[in-house]
Every structure is written in C-alpha cells, then in structure tokens.
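Please consult the sequence and the structure shown here alongside the text.

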Amino acid sequence: MTSVPSNLGEASHGKLKADQWRALGTTHLPLALIRLWGLGNTESPRSRRCREILNLTVSLLSAVTVASSRSMSHGLANSYLQHIQAYLGGLKKVFPEYGFHPNHHMALHLHQYLLLFGPVHGWWTFPFERMIGMLQRIPTNGKIGIFER
C-alpha cells in the first residue's frame, strides 16, 4: 500500500498523488472518523450530524474500495452501484444546497464499465497521469515545437 506523507497537513508535504489520496481515503480517514464520530453519544444534534457525515463517507469509501478491487463480478459491480447511490442520495439529504458535478454523474456510469471492462486496474489512467507529470517537468522555456541543441 502506498504510504501517506508523515507531515500531512503541512505545506511542505506538497500535493498528494492519486494513489496517496486513495490510501488516505480508504484506510486512514475511515479509522480517524470512526474514532472521532462513530463511537460515543449520538443524542446531540452535532453528534447526529457527524454520524450522518460518517455514514456518507463510509458509503463513498466502500464504493471506491469495490471499484478498485483487483477482481470484478456482477455482484461486486452491483455492490458498487448500491454504495455510490447511497452516497449520492445521502449527500443530497445531508447537504441539500450542494450542487452535483459531472463526476457524480460519471460515478453512476462506472457500474456499466465495471461490467463491460472488468477491474479498473486494467484500464485506469494512473500510468497516463504519471507520463503527463514527467512531460510537464521537461523544461521548454514556453516555446512549443522548438528543441534546444
């Protein structure tokens, strides 16, 4: 598993890579939120609100975990769809003023892609993102199409 920077939260750690976000979201974040919001008194309005947000987070992270598994079946794809629908439905309930984005719509179509193409490890874009990052670090002095000799 990819590690997360030990100085996470400080400006010196820089930007997280996609795989670091995944590790943070699927491992560290749920444990921290369950410890903060999942255990204890649920009588106060703030506690209930935190528990609702925790449930949303668990639905989203469950969908991400299923979608990024190394194997895929109809049952797993359907499980993904149930989790993402629970997340999106809960998001609108807990945050009624929140406006959905195209990525939310795309997340619903991922179910079809999981059925058609199998595990996302075979067709996700991490290798392409890495190549783009390497190309962006090549010094060009802002001159497109001109090579130095």
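The model is predicted. The protein has five helices and zero strands, and its elements run α-α-α-α-α from the N terminus on.

**Overall dimensions and burial**
- The radius of gyration of the protein is 19 Å, whereas a compact globule of 149 residues would have one near 15 Å.
- Along the principal axes, the C-alpha atoms fill a box of roughly 70 × 40 × 35 Å.
- Of the 149 residues, 26% are buried.
- Among contacts with a separation of 6 or more, 48% involve residues 24 or more positions apart.

**Helices α1 and α2**
- The axes of α1 (residues 18-38) and α2 (residues 45-67) come within 10 Å and cross at roughly 155 degrees.
- Because angles over 145 degrees count as roughly antiparallel, α1 and α2 are roughly antiparallel to each other.
- The crossing of α1 past α2 is left-handed.
- Residues making this contact include Leu 29, Leu 33 and Trp 37 of α1 and Ile 53, Leu 54 and Leu 61 of α2.
- By class, the residues of the contact of α1 with α2 are 10 nonpolar, five polar and two charged.

**Helices α3 and α4**
- Helix α3 (residues 74-94) packs with helix α4 (residues 102-117) at an angle of about 170 degrees, and their axes are 9 Å apart.
- The two helices, α3 and α4, are therefore roughly antiparallel to each other.
- Among the residues in contact are Leu 81, Ile 84 and Leu 88 of α3, together with Leu 108, His 111 and Leu 115 of α4.
- The contact of α3 with α4 comprises 12 nonpolar and five polar residues, with no charged residues.

Methods
Residues numbered from 1 in each chain as written. Predicted model: local features only at pLDDT ≥ 70, side-chain atom pairs only at ≥ 80, totals over all residues. Heavy atoms only, no water. Axes fitted to C-alpha atoms, helices over the stretch in contact; angles between N-to-C directions. Helix = DSSP H or I, 4+ residues; strand = E, 2+ residues; numbered from the N terminus. Parallel < 35°, antiparallel > 145°, perpendicular 65-115°, else oblique. Left-handed = near helix turned anticlockwise from the far one by under 90°. Contact = heavy atoms within 4.5 Å. Nonpolar A, V, L, I, M, F, W, Y, C, P; charged D, E, K, R; others polar. Rg over C-alpha atoms; globule rule 2.2 N^0.38 Å. Buried < 20%, exposed > 50% of the residue type's maximum accessible area, 1.4 Å probe, protein only.
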